[in-house]
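Here are my notes for you to read alongside the model.

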Amino acid sequence: MNPHNNKIVEILVNNVGIDKEELFIKSGYTSKREFISEINLLQSSYRIATIYDRHIYAPRVLLLVELTQQKDQVTRRIPLNYLPTDVLIEKLNFKERGTEPEDRIDYFLEIAGYELKPKDKAFMEIHSNTILDFNKYCYSLWAKYLQPKMILE
């Protein structure tokens, strides 16, 4: 099973920092045109990002972060199967409060973390393959782009 719902994203997650030529070879595409079209589609939907205008791609992944009730200590970081933003908006019943970037779900996922409610428990358990305990812990949902360590330094 491919938890990222796309073979190129799966390759990028398992080979962080892979260059474009090696990605093409591992992807199994025989047509560069089809490969580039898929890369462009993934970039336009924010599934992957190009780092520093290079042809190094960073895949976007979702993490469920478990915190103590006091929110002072992270106890676990749980990777999630990929869920499109539209699905998250619908299933988490997210309502934008305005038209600014800070009002969108992507802001919460990437900058502030989206705090989950107990009503989200069943949906999150299905996609994290783990049991959540809202009585003992708080949970927030995050999105991040995986990047090679050498680029971050």
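**Notes on the fold, its spaces and a few residues**

1. The residues lining the largest cavity divide into seven nonpolar, one polar and one charged (Ala, Val, Leu, Ile, Met, Phe, Trp, Tyr, Cys and Pro count as nonpolar, Asp, Glu, Lys and Arg as charged, and the others, Gly among them, as polar). That lining is made up of Arg60, Val61, Leu62, Tyr82, Leu83, Pro84, Thr85, Leu88 and Leu109. Strand 2 and helix 4 are the elements that give two or more residues to it, and strand 2 gives the most, with three. The cavity holds about 50 Å³ of space, and the structure has one cavity of 30 Å³ or more.

2. A word on the basis of these notes. This is a predicted model, in which local features need pLDDT of at least 70 and side-chain atom pairs count only at pLDDT 80 or more, while totals for chains, interfaces and linings use all residues. Residues are numbered from 1 along each chain as its sequence is written, and side-chain values use heavy atoms, with hydrogens and water left out. For the spaces, a 1 Å grid over the protein atoms alone is used: a cavity is a set of points where a 1.4 Å probe fits but cannot get out, a pocket is an open set with protein on both sides within 12 Å along at least five of seven lines, and lining residues have an atom within 4 Å of a point. Grid points are joined across faces, edges and corners, and a volume is the space filled by probe spheres set on the points.

3. Now the overall picture. The chain has seven helices and five strands (DSSP runs numbered from the N terminus, with helices being H or I of at least four residues and strands E of at least two). Along the sequence they follow the pattern α-α-α-β-β-β-α-α-β-α-β-α. The C-alpha atoms fill a box of roughly 50 × 35 × 35 Å along the principal axes. Of the 153 residues, 42% are buried (buried is under 20% relative accessible area, exposed over 50%, partly exposed in between, with a 1.4 Å probe and protein chains only). Among contacts with a separation of 6 or more, 59% are between residues 24 or more positions apart (contact means heavy atoms within 4.5 Å).

4. How do helix 2 and helix 3 cross? The axes of helix 2 (residues 20-27) and helix 3 (residues 32-44) come within 11 Å and cross at roughly 110° (axes are lines fitted to C-alpha atoms, for helices over the stretch in contact, and angles run from 0 to 180 degrees between N-to-C directions). That makes helix 2 roughly perpendicular to helix 3 (65 to 115 degrees counts as roughly perpendicular). Lys20, Glu21, Leu23, Phe24 and Ser27 in helix 2 meet Lys32, Phe35, Ile36 and Ile39 in helix 3. By class, this contact has five nonpolar, one polar and three charged residues.

5. Helix 6 (residues 121-128) is worth a look. Phe123, Met124, Glu125, His127 and Ser128 are buried there, and their cover includes strand 2 (57-68), strand 3 (74-79), helix 4 (85-91) and strand 5 (137-145). His127 has a relative accessible area of 19%. Beyond its neighbours within four places in sequence, His127 is in contact with Leu80, Asn81 and Leu83. Just after the helix, Asn129 takes a positive phi of about 55°.

6. Thr68 belongs to strand 2. Is this residue buried or exposed? Thr68 is buried, with a relative accessible area of 16%. Not counting residues up to four places away in sequence, Thr68 touches Gln73, Thr75, Lys136, Tyr137 and Cys138.

7. The largest pocket has a volume of about 160 Å³. Its lining consists of Leu92, Asn93, Phe94, Lys95, Arg97, Phe108, Gly113, Tyr114, Glu115, Lys117 and Lys119, and by class has four nonpolar, two polar and five charged residues.

8. Lys95, one of those lining residues, sits in the loop between helix 4 and helix 5 (105-112). Lys95 is exposed, with a relative accessible area of 56%. Glu96 is found in the loop between helix 4 and helix 5 and is partly exposed, at 44%. Glu96 touches Asp103 and Arg104, leaving out residues up to four places away in sequence.

Conventions. Angles under 35 degrees count as roughly parallel, over 145 as roughly antiparallel, 65 to 115 as roughly perpendicular and the rest as oblique.
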